[in-house]
Amino acid sequence: QVQLVESGGGSVEAGGSLRLSCAASGYMYRRYCMGWFRQAPGKEREGVAAYTGDGRITYAESVKGRFTISRDSAENTLYLQMNSLKPEDTAMYYCAADPAGVVVGLCQLQSYKYNYWGQGTQVTVSS
């Protein structure tokens with residue numbers, strides 16, 4: 001069983017920065033997948049960034065160059081550093097995990113591939 005707890009959301013002005021954290025507990029295989037997803041009111045959940053257990057990363061086009069996903073293995077924590085925030089980044093952000101991960105290739109950004117989810121943390125960006 002995997003448990004995920006997010007923190008770090010808040011309200012910022014456009015152009016500002018926030019760092020989200022996701023504390024994880026439970027066993028994961030070597031090539032696990034962990035990711036950040038977001039859902040704005042009235043919109044479908046979308047993938048933001050995914051981290052493969054071997055350190056490879058996938059980003060959504062909308063956040064490339066602005067967001068950085070990273071993991072601290074010692075603290076078992078996943079981070080999302082968000083810079084140059086835009087009002088369209090406003091959403092509930094969720095951390096997700098697929099402990100079994102991938103056999104080959106990179107972790108993907110489809111939410112159905114992840115079977116453990118955190119409770120979410122709200123990010124609001126004002127113009």
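Visitor: Which residues have the most contacts inside the largest nonpolar core?

Guide: They are Met-34, Trp-36, Leu-80, Met-82 and Tyr-93, in a core of 29 residues. A nonpolar core is a set of buried Ala, Val, Leu, Ile, Met, Phe, Trp, Tyr and Cys residues joined through side-chain atoms within 4.5 Å. Buried means under 20% relative accessible area, exposed over 50%, and partly exposed in between, with a 1.4 Å probe and protein chains only.

Visitor: Which elements give two or more residues to this core?

Guide: The contributors are strands E3 (18-25), E4 (33-39), E5 (46-52), E7 (67-72), E8 (77-82), E9 (91-98) and E11 (121-126). Helices (H or I, at least four residues) and strands (E, at least two) are DSSP runs, numbered from the N terminus. Another core, of 7 residues, lies apart from the largest one and has among its members Ala-96, Val-102, Cys-107 and Tyr-114.

Visitor: What sort of model is this, and which pLDDT cut-offs apply?

Guide: This is a predicted model, in which local features need pLDDT of at least 70 and side-chain atom pairs count only at pLDDT 80 or more, while totals for chains, interfaces and linings use all residues. Residues are numbered from 1 along each chain as its sequence is written, and side-chain values use heavy atoms, with hydrogens and water left out.

Visitor: Turning to the cysteines, how many disulfides are there?

Guide: The count comes to 2 disulfides, where a disulfide is a pair of cysteine sulfur atoms within 2.5 Å. Counting bonded cysteines along the chain, the pattern is 1-3, 2-4.

Visitor: What is the geometry of the Cys-22 and Cys-95 pair?

Guide: The sulfur atoms of Cys-22 and Cys-95 are 2.1 Å apart. The torsion about their S-S bond is about -75°, so this disulfide is left-handed. Because Cys-22 lies in strand E3 and Cys-95 in strand E9, the pair ties together parts that are 73 residues apart in sequence.

Visitor: Are these two cysteines buried or exposed?

Guide: Cys-22 counts as buried at 0% relative accessibility, and Cys-95 is buried with a relative accessible area of 0%.

Visitor: And what about Cys-33 and Cys-107?

Guide: Their sulfur atoms are 2.0 Å apart in a disulfide. With a torsion of about -90° about the S-S bond, the disulfide of Cys-33 and Cys-107 is left-handed. Cys-33 belongs to strand E4 and Cys-107 to the loop between E9 and strand E10 (116-117), so the pair links parts that are 74 residues apart in sequence. Cys-33 is buried, with a relative accessible area of 3%, and Cys-107 is buried at 0%.

Visitor: A change of topic: how many residues of E5 are buried?

Guide: In E5, 6 of the 7 residues are buried, so the strand is largely enclosed by the rest of the structure. One of its residues is Thr-52, which counts as buried at 0% relative accessibility.

Visitor: What does Thr-52 contact?

Guide: Leaving aside neighbours within four places in sequence, Thr-52 is in contact (heavy atoms within 4.5 Å) with Arg-31, Tyr-32, Val-102, Gly-105, Leu-106 and Cys-107.

Visitor: How many bridges join E4 to E5?

Guide: These antiparallel strands are joined by 6 bridges; two strands pair if DSSP finds at least two bridges between them. Gly-35 stands opposite Ala-50 in E5. E4 and E5 form a hairpin with 6 residues between them, and Gly-42 in the turn has a positive phi of about 80°.

Visitor: Over how many bridges do E5 and E6 pair?

Guide: E5 and strand E6 (residues 57-59) pair in the antiparallel sense over 3 bridges, and Ala-49 has Tyr-59 in E6 as its bridge partner. They form a hairpin with 4 residues between them, where Gly-55 in the turn has a positive phi of about 100°.

Visitor: Which polar atoms lie around Tyr-59 and Thr-58?

Guide: A polar contact is a pair of N or O atoms within 3.5 Å; within protein, one must be able to donate a hydrogen and the other to accept it, and residues adjacent in sequence count only if both atoms are side-chain atoms. A polar side-chain atom of Tyr-59 lies 2.9 Å from the backbone nitrogen of Ile-69. For Thr-58, a polar side-chain atom lies 3.0 Å from the backbone oxygen of Cys-107.

Visitor: Are Tyr-59 and Thr-58 buried or partly exposed?

Guide: Tyr-59 counts as partly exposed at 22% relative accessibility, whereas Thr-58 is buried with a relative accessible area of 16%.
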